[in-house]
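Student: I would like to take a close look at one part of this model, going strand by strand and then residue by residue. Please keep the answer connected.

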Amino acid sequence: IYPGRKQIWRNWAYLFLCLIILTGCSETSSAPKEDVNTTEEDGAQPYFGLDLPSVMVTRFAPGIFTKELHGGPVFTPDGRGVYWSFMEEPLGVRYMEIENGAWTEPAKAPFDRSGRGDSPFISSDGNHLIFLSQSGSGETIWQVDWEDGKWGSPQKLPAEVNHNGAHWQASMADNGNIYFGSQGEIFFAEYIDGSYTNAIELDPSINTPDAHEGSPFVSPDESYLIFDRAPHSSYADLYITFMEDDAWGEPVALEPLNSGLHELYANVSPDGRFIMFLSNRSGGMLLPYWVDAQVIEDYRP
């Protein structure tokens, strides 16, 4: 081989080696682009990415909730799942959640096997969901628990709770005690050693003879109760009462939330940051509104 030809082979070998090195560097630098999940998860934010409300009542997610509701939106503690029910078709508990970085389309909740569920409520730790379901004997309260990353099988609560039926929201304190509306009154069932006592009506200061009371929300620590009260042939207003010396105090109207039309079905977010409730102040339909939960502290004795 002539010396000139040797030099040519050396040059080709050198170029080939550089090509291999550059190819390896290119593959290494592109590796982070494969991490798709992080980018997708950042695309959908809790509470639909909305700014939390101020002390002024505002309409909640008007672009999403356009039909009349019977059970207002209740969120999971992380804000990444929401459950509600419509006043009319499609009936049943509906839900949306963040999946693969985006909010899913509304769908029937998998635990609502009858398709006639209503008025969902989620415990403050997100481990329990109670809802009402229509059957031949009327509405009764059901519970479903979060197990292995999904909701388990729904179970009807025992006769001690359901002997009077229920209507328009039940809620649960962290100790398992349940509050619910039935026949225009608010009932309470205490949870002791794994079972419920017979549900009883709350104090006459709450269940008044000349009005309809319903849709109770009890705080996780059972320190306050929000409910609606509607004098006969009149609109419903939201009221709050606080636990004082092991008894409920005199209820007072939550004036910053009330409009002179219907306000009912209040829920406080699991993190205690806002109140969600239904109102027909915007044209006849019951639609969701929210407000900073600081209003509760303004009324606390």
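In which sense do S12 and strand S13 pair, and over how many bridges?

Tutor: This is a predicted model, and in it S12 and strand S13, the latter spanning residues 178-182, pair in the antiparallel sense over three bridges. Within that pairing, serine 171 stands opposite tyrosine 179 in S13. The two strands belong to an open sheet of four strands with antiparallel pairing, whose order is S12-S13-S14-S17. Because strand S12 (170-172) and strand S17 (200-201) stand at the edges with a single partner strand each, one side of each is left without a neighbour in the sheet.

Phenylalanine 187 gives a view from strand S14, which covers residues 185-189. With a relative accessible area of 4%, phenylalanine 187 is buried, because the cut-off for that term is under 20%. Setting aside neighbours within four places in sequence, phenylalanine 187 is in contact with Ile178, Tyr179, Phe180 and Ser182, and also with Asn164, Ala199, Ile200 and Glu201. Phenylalanine 187 and alanine 166 are 21 residues apart in sequence, while their C-alpha atoms are 9.0 Å apart in space.

Strand S23 (residues 263-268) and S24 pair in the antiparallel sense over four bridges, and leucine 264 has leucine 278 of S24 as its bridge partner. The two strands form a hairpin with five residues between them, and glycine 272 in the turn has a positive phi of about 75 degrees. S24 is also joined by six bridges to strand S25 (residues 287-292), the two running antiparallel, and here phenylalanine 277 has tyrosine 289 in S25 as its bridge partner.

In a regular strand, side chains alternate between the two faces of the sheet. In strand S24 (residues 274-279), six of six residues are buried, with Phe274, Met276 and Leu278 on one side and Ile275, Phe277 and Ser279 on the other, so that both faces are covered.

Histidine 70 has its place in strand S2 (residues 69-75) and counts as buried at 10% relative accessibility.

Conventions
Residues numbered from 1 in each chain as written. Predicted model: local features only at pLDDT ≥ 70, side-chain atom pairs only at ≥ 80, totals over all residues. Heavy atoms only, no water. Pairing = 2+ DSSP bridges. Buried < 20%, exposed > 50% of the residue type's maximum accessible area, 1.4 Å probe, protein only. Contact = heavy atoms within 4.5 Å.
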